[in-house]
Amino acid sequence: MKVVLFGATGMVGQGCLRECLRDADVESVLVVGRNRCGQRHAKLREILHGDFFDFTKIESELTGYDACFFCLGVSSVGMDEARYRHLTYDITLAAATTLSKLNPGMVFVYVTGRGTDSTERGPLMWARVKGTTENDLLKLPFKAAYMFRPAGIQPLHGVKSKTAWVQAIYVVGVPLLSLLNRVAPAYMTTSEQVGRAMIHVARNGFPKPVLESEDINRL
Ligand SMILES: NC(=O)c1ccc[n+]([C@@H]2O[C@H](COP(=O)([O-])OP(=O)(O)OC[C@H]3O[C@@H](n4cnc5c(N)ncnc54)[C@H](OP(=O)(O)O)[C@@H]3O)[C@@H](O)[C@H]2O)c1
């Protein structure tokens, strides 16, 4: 598989990149980011891009791929709906629309979160915005699209969150997170399991488009 990865500097993306570089079925990884991911590997190529709302300038670099792992995302804390929607829906759909046009055989995997609101009408702002984003991704002409909705993610193998308060919670909560991961698979997974599961669904498919933590942990 040839893979395009967004969000490789973040917690989910670092975990996904690690698993891609270790997996024999992943032939190459193109990381698209606004900052360098800080890794070097024979399978890895990186493009720095300034405008995540418009990918037309790099279209020629984005063809010939089998899978996209879209791990880019922001926390809604302290943001109004318009700003959160701009950084969530607009960026994701700009990338996905370009990729589906250039790679009709592509499998697109998007990381949202537990509680995402597919009705787009519930009380939680972030959940509605992610629900709209998921729903519109599922309408694009990809070979297949999968929505990953993990609850908590325990970072493993040196993976760190870019979001300071999230990282602080993970550092303080290590013993509890490890326990939860064992006893409550509906609420906890690991950065390794998320990365492994993304590769699995891109390679083998999955019977339904939305995967919760339990599904991710079973793969
Ligand atoms: N962490 C968890 O426990 C958890 C649980 C469930 C769901 N999720 C979801 O998983 C997704 C990723 O979360 P994460 O924890 O990996 O986040 P993170 O550590 O904060 O990383 C965010 C990533 O998105 C990129 N990014 C953010 N804003 C951008 C922008 N305007 N333009 C370009 N790139 C941008 C960052 O790149 P830069 O390096 O350039 O800033 C970074 O690669 C989010 O949608 C989140 O809701 C996370």
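Colleague: Which residues does M11 contact, leaving aside neighbours within four places in sequence?
Modeller: This is a predicted model. M11 belongs to helix α1, residues 11-22. Contact here means heavy atoms within 4.5 Å. Leaving aside neighbours within four places in sequence, the partners of M11 are I153, P155, V159, K160, S161 and Y170.

Colleague: Is M11 buried or exposed?
Modeller: The cut-off for buried is under 20% relative accessible area. M11 has a relative accessible area of 10%, so M11 is buried.

Colleague: What distance separates the C-alpha atoms of M11 and C71?
Modeller: Along the chain, M11 and C71 are 60 residues apart.

Colleague: How many disulfides does a search of the whole structure find?
Modeller: A disulfide is a covalent bond between the sulfur atoms of two cysteines. The search counts a pair of cysteine sulfur atoms within 2.5 Å. Over the whole structure, the number of disulfides found is zero.

Colleague: Which cysteine sulfur is nearest to that of C20, and how far away is it?
Modeller: C20 is in no disulfide. C20 is also buried, because its relative accessibility is 0%. The nearest cysteine sulfur to that of C20 belongs to C16, at 4.1 Å.

Colleague: What is phi of E120 near?
Modeller: E120 is in the loop between β5 (107-111) and α3. With a relative accessible area of 31%, E120 is partly exposed. Its phi is positive, in a residue other than glycine, and near 65°.

Colleague: What is phi of H157 near?
Modeller: H157 lies in the loop between β7 (152-154) and α4 (164-172). H157 counts as partly exposed at 46% relative accessibility. H157 is a residue other than glycine, and its positive phi is near 60°.

Colleague: What radius of gyration does the protein have?
Modeller: The C-alpha trace spans about 45 × 40 × 35 Å along its principal axes. For 219 residues, a compact globule would have a radius of gyration near 17 Å. The protein agrees with that, at 16 Å.

Colleague: What percentage of the contacts with a separation of 6 or more comes from residues 24 or more positions apart?
Modeller: The secondary structure comes to seven helices and nine strands. Buried residues make up 55% of the 219 residues. Among contacts with a separation of 6 or more, residues 24 or more positions apart account for 67%.

Colleague: How far apart are the centres of the positive and negative side chains?
Modeller: The accessible surface comes to about 10300 Å², with 54% belonging to carbon and sulfur atoms. The protein has 26 positive and 21 negative side chains. The centres of these two sets lie apart by 4 Å.

Methods
Residues numbered from 1 in each chain as written. Predicted model: local features only at pLDDT ≥ 70, side-chain atom pairs only at ≥ 80, totals over all residues. Heavy atoms only, no water. Helix = DSSP H or I, 4+ residues; strand = E, 2+ residues; numbered from the N terminus. Rg over C-alpha atoms; globule rule 2.2 N^0.38 Å. Buried < 20%, exposed > 50% of the residue type's maximum accessible area, 1.4 Å probe, protein only. Areas by Shrake-Rupley, 256 points an atom, 1.4 Å probe, with all protein chains shown as cover. Lys, Arg positive; Asp, Glu negative; His and termini not counted. Charge placed at Lys NZ, Arg CZ, Asp CG, Glu CD.
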